[in-house]
Amino acid sequence: MGEGVRLPAALQAHALPCRHWDEATVHRRLTADPAGYLAFARRYLADLAAGRAQLQMPPKRVLDDPDGGDFRLMPCVVRRGQDALKTVKIVGTNRAQRRLPGQITVGELLVLDAAEQYVTDRLEACLLSSARTGLVAALALAALAPQARRIGIVGTGRVGYYAAIYCAAARTLERIELVDANTARAAETARALCDAGLPCRVAPRTDPACDAWLLATTSARAFCAPPPSAPPVVLSLGADAAGQRELTDAWAGRAALWVDSADALNYGDLRAWRARGLIDGTAPPDLLALLAQPPAAAPGAWRLFISTGCALYDNLTAAYLLGGG
């Protein structure tokens, strides 16, 4: 619209150089070397923990729709001396799915020029968001259950797929069991992961004998009860909105708890537990703290990690894609 219209000299503006990254390109780059992506993430986070880099990240803003959808604004700046990587993700939860059936996450991650603030890169954010959540899961699992060899993944959509890829890159897994009410989707994801060389199979139900479970659903009902119904280590990755739940109230106050970021208290299970007075408003330790000080081995100890989405890991992923790896 407006092509060929010549602006008056007083209104003249520069054409902005901007690269567009489509979903296929993002996926290809993030799966070409999963171990390299994990190693880059560990270095990036270690620099923040050691003070070699500084983080500027306000809480994300979520604007809810009546149908359970929302859109989210997630800014983040990581500074290293005079250099800075500025990112902001504008992403939505697509409940309606009329024009984009089957795609729950829509939107883009924008990278800004550090000095002049214009957008240098636009990255489609559906697969990027899922991949960075899978990355976070792999980092947390390695810290909470370093001896895990058999894991169960409940929910076999995009997050479940990437979680399997990166967990397998972080350690040698003997078996990944995939569970989903949508059996066709579970079979499709299992085939894709087996083609990638992962030891996957579809299971009819979750097995508490697994070393850990990863929950990656869009459930509105809390379904995961503590041991003996579940293994002692559970990672909840799907309950990232006000109306979503994965963990029953019986976990609250009884399990050691870590989160991806402090504002996880405002969403999903933690929001529900706070509303019922089961936990207070004290932020649990985050992934940076977990990686800096993993818990000592304690067989049978109940351990929870909850991820509701954090702009730092979008920023980290942008840094990797832009050549940081």
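**Reading contacts, helix packing and pockets**

Student: Leaving aside its neighbours within four places in sequence, which residues is aspartate 280 in contact with?

Tutor: Aspartate 280 is in contact with Leu265 and Arg274, once neighbours within four places in sequence are left aside. Contact means heavy atoms within 4.5 Å. This is a predicted model, where local features need pLDDT of at least 70 and side-chain atom pairs count only at pLDDT 80 or more, while totals for chains, interfaces and linings use all residues. Residues are numbered from 1 along each chain as its sequence is written, and side-chain values use heavy atoms, with hydrogens and water left out.

Student: Where does aspartate 280 lie?

Tutor: Look in the loop between helix H6 (268-275) and helix H7 (287-292). Helices (H or I, at least four residues) and strands (E, at least two) are DSSP runs, numbered from the N terminus. Arginine 175 is 105 residues from aspartate 280 along the chain, and their C-alpha atoms are separated by 37 Å.

Student: How do I read two packed helices?

Tutor: Two packed helices are described by the angle between their axes and the distance between the axes. Here, take H4 (residues 158-170) and H5 (residues 183-195): their axes come within 10 Å and cross at roughly 25 degrees. Axes are lines fitted to C-alpha atoms, for helices over the stretch in contact, and angles run from 0 to 180 degrees between N-to-C directions. H4 is therefore roughly parallel to H5. (Angles under 35 degrees count as roughly parallel, over 145 as roughly antiparallel, 65 to 115 as roughly perpendicular and the rest as oblique.)

Student: Which residues make that contact of H4 and H5?

Tutor: H4 brings Tyr161, Ala164 and Ile165, and H5 brings Thr189, Ala192 and Leu193. By class, the contact of H4 with H5 has 5 nonpolar residues, 1 polar and no charged. Ala, Val, Leu, Ile, Met, Phe, Trp, Tyr, Cys and Pro count as nonpolar, Asp, Glu, Lys and Arg as charged, and the others, Gly among them, as polar.

Student: At what angle do H2 and H4 pack?

Tutor: H2 (residues 34-50) packs on H4 at an angle of about 80 degrees, with the axes 9 Å apart. The two helices are therefore roughly perpendicular to each other. Pro34, Ala35, Tyr37 and Leu38 of H2 meet Ile165, Tyr166, Ala169 and Ala170 of H4. The contact of H2 with H4 holds 8 nonpolar residues, no polar and no charged.

Student: Where are the axes of H2 and H3?

Tutor: They come within 11 Å and cross at roughly 75 degrees. So H2 is roughly perpendicular to H3. Tyr37 and Leu38 of H2 are among the residues that meet H3. The contact of H2 with H3 divides into 9 nonpolar, no polar and 2 charged residues.

Student: How do I read a pocket?

Tutor: Rolling a probe the size of a water molecule over the atoms shows where empty space is left. In this model, the largest pocket has a volume of about 970 Å³. On a 1 Å grid over the protein atoms alone, using a 1.4 Å probe, a pocket is an open set of points with protein on both sides within 12 Å along at least five of seven lines; lining residues have an atom within 4 Å of a point. Grid points are joined across faces, edges and corners, and a volume is the space filled by probe spheres set on the points.

Student: What lines the largest pocket?

Tutor: Its lining has 40 residues, and the closest to its centre are Ile104, Val159, Ala216, Thr217 and Thr218. H3 gives the most, with 5 residues. By class, the lining has 11 nonpolar, 20 polar and 9 charged residues.

Student: What is the volume of the second largest pocket?

Tutor: About 300 Å³. This pocket is lined by 18 residues, and Leu144, Ala145, Pro146, Pro299 and Arg303 lie nearest its centre. Its lining divides into 14 nonpolar, 2 polar and 2 charged residues.
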